[in-house]
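This report is meant for a reader who is meeting the structure for the first time. Please keep the sequence and the model in view while reading.

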Amino acid sequence: QVQLVESGGGSVQAGGSLRLSCAASGRTFSPHTMGWFRQGPPPAREFVAAISWSGDSTYYADSVKGRFTISRDIAKNTEFLQMNSLKPEDTAVYYCAARTTNSRRNNYPRVRSSYDYWGQGTQVTVSS
């Protein structure tokens, strides 16, 4: 069984920065793509960013492009989301997601249903 554990959330003032981490574990874990989604008011889980495990492709929502950077550490099976210039509208629970190499789901990195595993979420609160 694959487990994803997020960390790094917290409270910050507008303009500040946070770095989220997502550590994946599991004997058979073989990632293809990892991503970040967030859920805030309204309660729709929206795409934030994704990265191919090969590192040759990254994807960003327009709302975070230029402010957030996704990366991964293959040796540690960990992905990161560096969030700079945070805004109050970035307030949400952030979820890590992973798609495996043997996934039978459609391969659309920006779409929730493309991912096989999810973390429990970490709260990010940005105050004005």
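The mean positions of the 14 positive and 9 negative charges of the chain lie 4 Å apart, where Lys and Arg count as positive and Asp and Glu as negative, with His and the chain ends not counted, and where the place of a charge is NZ of Lys, CZ of Arg, CG of Asp or CD of Glu. The model is a predicted one, in which local features need pLDDT of at least 70 and side-chain atom pairs count only at pLDDT 80 or more, while totals for chains, interfaces and linings use all residues. Residues are numbered from 1 along each chain as its sequence is written, and side-chain values use heavy atoms, with hydrogens and water left out.

## The chain as a whole

The chain has zero helices and 11 strands, helices being DSSP runs of H or I with at least four residues and strands runs of E with at least two, numbered from the N terminus. Read along the sequence, the pattern is β-β-β-β-β-β-β-β-β-β-β. The radius of gyration of the chain is 14 Å, close to the 14 Å that the globule rule gives for 128 residues, so the chain is as compact as a globular protein of that length; the radius is taken over C-alpha atoms, and the rule is 2.2 Å times the number of residues to the power 0.38. Along its principal axes the C-alpha trace spans about 45 × 25 × 25 Å.

Of the 128 residues in the chain, 44% are buried, a word that stands for under 20% relative accessible area, with exposed meaning over 50% and partly exposed in between (1.4 Å probe, protein chains only). The accessible surface of the chain comes to about 6,600 Å², and 45% of this belongs to carbon and sulfur atoms; such areas come from the Shrake-Rupley method with a 1.4 Å probe, and for residues only the protein chains shown count as cover. Among contacts (heavy atoms within 4.5 Å) between residues at least 6 apart in sequence, 56% join residues at least 24 apart.

## Strand pairing

Two strands pair if DSSP finds at least two bridges between them, and the table lists some of the pairs.

| Strands | Sense | Bridges |
|---|---|---|
| β1 and β3 (residues 18–25) | antiparallel | five |
| β2 (residues 10–13) and β11 | parallel | four |
| β9 and β11 | antiparallel | three |

Strand β1 (residues 3–7) has a covered face with Leu4 and Glu6 and an uncovered one with Gln3, Val5 and Ser7, and leucine 4 has alanine 24 of β3 as its bridge partner. In strand β11 (residues 122–127) the covered face holds Thr122, Val124 and Val126, whereas the uncovered face holds Gln123, Thr125 and Ser127. Threonine 125 in β11 is the bridge partner of serine 11, and glutamine 123 in β11 stands opposite valine 93.

## Residues in the loops

Glycine 9 is found in the loop between β1 and β2 and is partly exposed, with a relative accessible area of 33%. Leaving aside neighbours within four places in sequence, glycine 9 is in contact with Leu20, Thr122, Gln123 and Val124.

Asparagine 77, in the loop between β7 (68–73) and β8 (78–83), has a positive phi of about 50° although it is not a glycine. Serine 85, which lies in the loop between β8 and β9 (92–100), likewise has a positive phi of about 50° without being a glycine, and at 39% relative accessibility serine 85 counts as partly exposed.
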